[in-house]
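Me: I would like to learn how to read a structure feature by feature. Could we work through one together?

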Amino acid sequence: MSELPLARRDQIAGRLSAGQAVIAAALATEFGVSEDAIRRDLRALAAEGRCRRVYGGALPMAGGVIPMAARIGQDRERKLALARTAARSIARGEFLFLDSGSTNLALVERLPDDFDLTIATNGIDIAAAVLHRQDLRLIVIGGSVHAAVGGCVDTDALIQVQRFNIDRCFIGACAVSAQGGISAVDPTDAAFKRTLLSLSRISVAMVTNEKLETRAPHRIASAKSISQITVEHDAPAARLALLRRAGATIATAAPPE
């Protein structure tokens, strides 16, 4: 399959992940392809559990987000490339918070060895991965587990995280845009992320291409308020230009290994 259909499919997936319904005829006009090509894209996305097919188009999955368990194996090499770049700025002895998310899970593999790091997380899978690293201290934020988020974002989690002074947080983002900023599909998750940012000296968001210039219902912060947005090596230049005009600080990852 050529890169062009894959890029188109990524853009469609990003809109669905941000909670937007899509119409096949409108997408065909926008991308200058046949409706059959769009229907093939939607069938492929539905087979991956990323949307629900309906007559004439597709709808987001319930809740507007793919469950964490389904996201872990997706685009692994791309997420590792983002993590490799984002990890380079970590300083020895820092207290890090890894917000729940599959890209932040990939970061665990790229954290520098023997750096005297303490890792706090609300993510179940992230906590399990950190536990296997003998050189990392682990603090787990507890509460009721939100299955789609893959971690704890309820009132108990909010109370616990407010006790921290965080050096650097890696914030999860469902969508990123110049106008809409960093946003999330779930309101409880968004509230947790806002609190997390308020407690963090430095904030980093690692963003795959399909999330760029998409919007989710619940705003977390403006793009310029995030210390660094790490993007893929082939992130669309036009979308990056919009973010930079909005004041965002962008770091570009190297290609996947």
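Me: Which residue forms a salt bridge with D135, and how far apart are the closest N and O atoms?

Reply: First, the basis: this is a predicted model, in which local features need pLDDT of at least 70, side-chain atom pairs count only at pLDDT 80 or more, and totals for chains, interfaces and linings use all residues. Residues are numbered from 1 along each chain as its sequence is written, and side-chain values use heavy atoms, with hydrogens and water left out. A salt bridge is a side-chain nitrogen of Lys or Arg within 4 Å of a carboxyl oxygen of Asp or Glu. Here the partner of D135 is R133, with the closest N and O atoms 2.9 Å apart. R133 is buried at 15% relative accessibility, where buried means under 20% relative accessible area, exposed over 50% and partly exposed in between (1.4 Å probe, protein chains only).

Me: How many salt bridges does the rule give?

Reply: The count is 19.

Me: Which residue forms a salt bridge with R78 at 2.7 Å?

Reply: That partner is E232, the 2.7 Å being the distance between the closest N and O atoms. The pair links distant parts of the chain, 154 residues apart: R78 is in helix α5 (residues 76-87), and E232 is in the loop between β14 (228-231) and α10 (237-245). R78 is buried, with a relative accessible area of 16%, and E232 is buried at 4%.

Me: With which side chain does E210 make a polar contact of 3.0 Å?

Reply: A polar contact is a pair of N or O atoms within 3.5 Å; within protein, one must be able to donate a hydrogen and the other to accept it, and residues adjacent in sequence count only if both atoms are side-chain atoms. The side chain of T208 is the partner at 3.0 Å, while a polar contact of 2.9 Å joins the side chains of E210 and R78. For plain contact (heavy atoms within 4.5 Å), and not counting residues up to four places away in sequence, E210 touches D10, G14, R50, D75 and R78.

Me: How do I read a nonpolar core, and which members of the largest one touch the most other members?

Reply: A nonpolar core is a set of buried Ala, Val, Leu, Ile, Met, Phe, Trp, Tyr and Cys residues joined through side-chain atoms within 4.5 Å. The largest one has 40 residues, and F97, F164, F192, L196 and I229 touch the most other members. Helix α9 (residues 187-198) gives the most to this core, with four residues. Apart from this core lies another, of 22 residues, including L117, I126, L136 and F170.

Me: What does F192 contact, leaving aside neighbours within four places in sequence?

Reply: F192 is in contact with F97, D99, N122, C152, V153, A157, L158 and V161.

Me: Is α6 mostly covered or open, and which of its residues are buried?

Reply: α6 is mostly covered, with seven of its nine residues buried. These are S102, T103, N104, L105, A106, L107 and V108.

Me: Where does D116 lie, and what is its phi?

Reply: D116 is in the loop between α6 (102-110) and β5 (118-121). Its phi is positive, about 55°, although D116 is not a glycine. D116 is partly exposed, with a relative accessible area of 42%.

Technical notes
Helices (H or I, at least four residues) and strands (E, at least two) are DSSP runs, numbered from the N terminus.
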